[in-house]
Amino acid sequence: MKNIAILLGILIMSIAAQSQQSPSTSLGNLKKMKKTDTGLLIETSFGKAQIIVYNTDIIRIRIVKNDFEPDFSYAVIANPEKTNFKIIETEEVITLTTDSVKLVISTNPVRFKFLTGDNRVINEDDTFGTNWVGEEVTTYKKLQDGEKFTGLGEKTGNLNRRGEAHTNWNTDNPAYQVDDDDLYSTFPFYIGIHHNLSYGIFMDNTYKSIFNFGASNDRFSSFGADGGEMNYYFIYGNIRQIINQYTLLTGRINIPPIWSLGFQQCRWSYFPDTEVLSIARTFREKKIPLDVIYLDIHYMDAYKIFTWNPERFSKPTEMLGKLKNMNVHTTVIVDPGIKVEKGYKAWEEGVKQNYFIKYPDGKDYTAQVWPGWCNFPDFTKPVVRKWWGDNFAPMVKDGVEGFWTDMNEIASWGGGYTPSLVQLDWDGHITSYRKAKNVYGMQMSRSTYEGTRNLMNGKRPLTLTRASYAGAQRYTAIWTGDNVATDAHMMLGCRLVNSLGISGMAFAGVDVGGFMGETSAKLFGRWITVGAFTPFFRVHKASNENSSEPWTYGESVENISRNYISLRYRLMPYLYSAFAEAHKTGMPVNRTLVIDNTSDEKCWDIPYQQQFMFGPSMMVAPVESTKEITKVYLPKGRWFDFFNGKQYAGEQEIMIECPLDKLPVFAKGGSIIPMQTIIQSTSEKPSDTLFIHVYYGTESSVYNYYEDDGTTYSYENGTFLKSKMSFQPSEKKIVIEPLSSGSYISKFKTIDVILHGFENVADKLKVNGKSATQKSTSIDLYNSIKPSDPLWFDSRKMEQKVLVIDNLNAGGKTEISW
């Protein structure tokens, strides 16, 4: 008996040891289930789950080992809607059904499967389900045949992320390589596509996270984080619907000030004030439109935030006033590091009021940045956010209107290795830097936006950020950080902006020309043509590189720059309407082709993955500066070469010439593009004629034109106009609603309708039932000045034949038929 007892003891200890050494544990078998008004609460043999129905298309899943944390998010602003759903229980499964999607939950063990109403699998857990290794929590999903993945915001790699894995950990990565993973921002949201089905998953967990889309395995995709809850939102629909619902959850952009959509010039750094003014004057003298000039870190006194350098910028109010008289708005850089210095007001207030992030023993965390040793505001503390915003009052009074938040990963000397044990307030729920790092930049942007909006007497500020997290679109634009002057970076920038657009950040751009490295004239010339079709359009160059203003690359490139920047200003009514659409629906300004051509395999191909729609009507095919002929893919429909009017059938690859001055740009058949006369800044009024370009096609379309005052928040109270413009080929007519509403009257008094591809019906055209007086003419959408202008150099005409019906009353309804 004694030997048996000893053997039994050894066996028990062995089993216990094996149990303790088990490297992972997954959500167990169902023990209890409780129905709630919004879904279900589930308790298992290991862990708990909560299912919340947000609406018919969105179901939220929360999973924990022990108890749920307080339900708090910096990203999600939506609440569950009152939604009809049904729950059916059997011993083996629980089925929750909305009008759109079906969630089937197996009970032994608890796993989740999302189905369509006719029982097609959209997304389902792998055998491992949700699994823990220590604090690390990961959800594993079965890879579906042919499944594609896209999204994650600011991530390098391909449009289709199948076979890739990505880590989210906001990192200061200067001169990053085109395949580096850790960049400046975190957007833990992706879209999966298979078998003509698509879905979105947003994992709202701010710890360092990893998304694996079948990298190094052929079994599963997964998403997980180093700590915290498994907390994700499943969204069902087509890609447009998924973007709409994701931005319903996380918010949509405010319409930015119209001047922030103009051309912007930046350098690290322009100083002193005389150089800043000289740069602005040169733009005006050379007739290159400009709206914004930037002041980088050298405008400050010893790099201290909220100060002006007393020698370089001794009279900031006077300088800003002179810039404003030239219709140039000023944006200043804003870093979070506050210099440790007695007598420095911002630092002394921060110390006295307990506003800085801290070690667990209560001592303020200190690291070195530009000013030297610095403390860092705790932007997760409401009182700090207000204090920070209020500190911009003197600058706003001076005339600053833009605020560029940088170094907010947090970046510091020594690699930015902020200790994990540093603590932040987290709106009253003290947490570690491990959880807070990825939202620090977002909350800095929030503090800056909320403060300056409150200070600017109803005017809209520009806020720009480098580091961010999902939901930041409510507060800020974003640029992709310290890129490099190469063709590869130019092409990567297109993919990054497209991916950020999918992820809610409609107002995104890159440092045109490349921030680091010498930029050749050809590269700058090509990049400026591409940049003209990005939501945020700024040239920026590092301090130790040659100057990068358009005229520094020779007269030919200066002329290309003038023409493409001027074209952007011609397109301002179209671009501004695209931002209004982003505000209303979340649809990005730059749109990867797969949004509307999801099942077209060519749109996923690597050679064409940089191509994008610029708004609803224009397609841009970026091309390297080394090429003068390139292959372009045209999706379904009819396409017009934007510069010469040549027509092409869709669903084909074409070879097209692309000399430096002619980027491949196409207008979609059946589409509408409103344009205006060239202006030198958005503060300058165009002529009172709106030019409405209509491109013939076989598909009908509706274009929503939008207009407001461009600078205030009156649009939030209904002071704006919308005009529906439709092309209806089956009924052989174009209908344009009046450019007026009860609350807002357009700045345009007349409209000219420019018809592309209508030659075959020219003799049948009628306006409001009467024979139309139209003229056949040639237009040039490329050149911004005439050969007689002294600035003309080595340019060529890009003319196309069109029909024009002019001088129509913008205040009345117009119907053109044939």
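**Reading a helix pair and a strand neighbourhood**

Guide: Strand β47 and strand β53 (residues 814-817) pair in the antiparallel sense over four bridges, where two strands are said to pair if DSSP finds at least two bridges between them. The model is predicted, and local features need pLDDT of at least 70, with side-chain atom pairs counted only at pLDDT 80 or more. Residues are numbered from 1 along each chain as its sequence is written.

Visitor: Which residue stands opposite E815 of β53?

Guide: V735 stands opposite E815, and V735 is also the bridge partner of S726. β46 and β47 pair in the antiparallel sense over four bridges, and in their hairpin, which has four residues between the strands, K732 takes a positive phi near 55°.

Visitor: Is S730 buried or exposed?

Guide: Buried means under 20% relative accessible area, exposed over 50% and partly exposed in between, with a 1.4 Å probe and protein chains only. S730, found in the loop between β46 (721-728) and β47 (733-736), has a relative accessible area of 68% and is therefore exposed. In β47, K733 and V735 point one way and I734 and I736 the other way, and all are buried.

Visitor: How are two packed helices described?

Guide: They are described by the angle between their axes and the distance between the axes. Here the axes of helix α3 (residues 273-285) and helix α4 (residues 316-325) come within 10 Å and cross at roughly 0°, which means that α3 is roughly parallel to α4, a label for angles under 35 degrees. D273, V276, L277 and A280 in α3 meet M319, K322 and L323 in α4, contact meaning heavy atoms within 4.5 Å.

Key:
Side-chain values use heavy atoms; hydrogens and water are left out. Axes are lines fitted to C-alpha atoms, for helices over the stretch in contact, and angles run from 0 to 180 degrees between N-to-C directions. Helices (H or I, at least four residues) and strands (E, at least two) are DSSP runs, numbered from the N terminus. Angles under 35 degrees count as roughly parallel, over 145 as roughly antiparallel, 65 to 115 as roughly perpendicular and the rest as oblique.
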